[in-house]
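Take the sequence and the model together and follow the chain by its contacts.

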Amino acid sequence: MALAFTKCQAAGNDFLIVRWSDLDELGLTESDLPELARSMCDRRQGVGADGLEVLGAPGIDHGDTDASLRIFNSDGSEAEISGNGTRCVAAALQYEAPSGESLRITTRAGLKVLRLIERRGRKFIFDMTMGTPSYDLRDVECRIDTSLGTRTVTVLNVGNPQCVLFVEDFDFDWRSLGKMIENHLHFPARTNVSFVRLTNAHEIDVKFWERGAGETLSSGTGSTGAAVAAILAGKASSPVHVVTPAGDLIVTWHGGDVTIRGPAEIVVVGGYYGYPVVSP
């Protein structure tokens, strides 16, 4: 029996969406979710994606919201939230059953509200409220030591941990540095890493190294963290146009909740047969 899934992408960040009710029917348990994420997200032997999203999984109270969501990275680790991933879920829900302009989705990082701005067939644009960023001013442009030298970084949390580095260009091995910082002792739970090149006061160019996924073409929370860090450091002003390798996002922040606007697209609806086999 195939496991039904929907594959979506948001500015090049791709996710597989499944329902807990379908997993339960196949006999899978909560402990199977990390292995399911690894197998489904494998780009050679699975479907391929940056992460797996499970709707209605145990561990999060659905309450009176439209959906509850747990997110697993491609390495099987669980993330608190994904900005792009949550927009993908909103797109899948709207595609299955259009339900007006607003959606309320509960994540490990709390309730997120998404407002539909535009729809063209399988393509959607949403505004998403990300909540209020958490930071200590002492962590704005602080310094950490790495084996590749001492680096100036800005550390904050936008529902998941972020470490932002401002760079003049990307003509260096930022992937190795991103992997090193992700696993730095300064971040016991690991961190997402963004490399930011300033274009002007309202535009930044960003490369992403995501915790549990490695290099990604885009990141909603990474874009949010990068924009907020640039504003905190006095290098940019809201709104911030975030240019990623696969699409652009717009982050708005004036000191309270931060909002991100971006696309999400339904790519594939199918069935997966490689899920963990449950012994009788």
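The model is a predicted one, and it holds four aromatic pairs. One of them joins Phe-124 and Phe-126, whose rings are stacked, with 6.0 Å from centre to centre and 15° between the planes. Phe-124 and Phe-126 are both buried. Another pair, Phe-172 with Phe-195, is edge-to-face, at 6.0 Å centre to centre and with 70° between the planes. Phe-172 belongs to the loop between β11 (161–166) and α4 (174–182), whereas Phe-195 belongs to strand β12 (residues 192–200), so this pair ties together parts that are 23 residues apart in sequence. The two partners can also be placed by their accessibility. Phe-172 counts as partly exposed because its relative accessibility is 30%, while Phe-195, with a relative accessible area of 0%, is buried. Phe-172 and Phe-195 form one aromatic cluster with Trp-174.

Two lysines lie over aromatic rings. Lys-207 sits over the face of Phe-170, 5.1 Å from the ring centre. Lys-235 has a corresponding place over the face of Phe-166, at 5.3 Å from the ring centre.

β12 pairs with β13 in the antiparallel sense over seven bridges, and the two strands form a hairpin with two residues between them. Within this pairing, Val-193 has Trp-209 of β13 as its bridge partner. Strand β13 (residues 203–210) is mostly covered, six of its eight residues being buried.

β13 and β14 form a hairpin with three residues between them, and Gly-212 in the turn has a positive phi of about 85°.

At the start of α5, a side-chain oxygen of Ser-219 comes to within 2.8 Å of the backbone nitrogen of Gly-222. How much of α5 is covered? The helix is mostly covered, with twelve of its 13 residues buried; among them are Gly-220, Thr-224, Val-228 and Ile-231. After α5 comes Gly-234, with a positive phi near 75°.

Strand β7 (residues 110–120) pairs with strand β8 (residues 123–131) in the antiparallel sense over six bridges. Leu-116 stands opposite Phe-126 of β8, and Phe-126 is the residue that stacks with Phe-124. The hairpin of β7 and β8 has two residues between the strands, and Gly-121 in this hairpin takes a positive phi near 65°. β8 also runs antiparallel to strand β17 (residues 258–272), to which it is joined by eight bridges. In this pairing Lys-123 has Glu-265 of β17 as its bridge partner.

Gln-94 lies in helix α3 (residues 83–96) and counts as buried because its relative accessibility is 2%. Gln-94 and Leu-116 are 22 residues apart in sequence, and their C-alpha atoms are 9.1 Å apart in space. Val-267 lies in strand β17 and, at 41% relative accessibility, counts as partly exposed. Val-267 and Ile-117 are 150 residues apart along the chain, and 19 Å separates their C-alpha atoms.

The cysteines remain. How many disulfides does the model contain? The count comes to zero. For Cys-88 the nearest cysteine sulfur is that of Cys-8, 4.9 Å away, whereas a disulfide would need the sulfur atoms within 2.5 Å. Cys-88 is buried, with a relative accessible area of 0%. Cys-142 is in no disulfide either, and its nearest cysteine sulfur, that of Cys-163, is 7.3 Å away. Cys-142 has a relative accessible area of 14% and is therefore buried.

Notes:
Residues numbered from 1 in each chain as written. Predicted model: local features only at pLDDT ≥ 70, side-chain atom pairs only at ≥ 80, totals over all residues. Heavy atoms only, no water. Pairing = 2+ DSSP bridges. Helix = DSSP H or I, 4+ residues; strand = E, 2+ residues; numbered from the N terminus. Buried < 20%, exposed > 50% of the residue type's maximum accessible area, 1.4 Å probe, protein only. Polar contact = N/O pair within 3.5 Å; in protein donor to acceptor, adjacent residues only side chain to side chain. Phe/Tyr/Trp six-rings, centres within 6.5 Å; stacked < 30°, edge-to-face > 60°. Lys NZ or Arg CZ within 6 Å of the ring centre and 35° of its normal.
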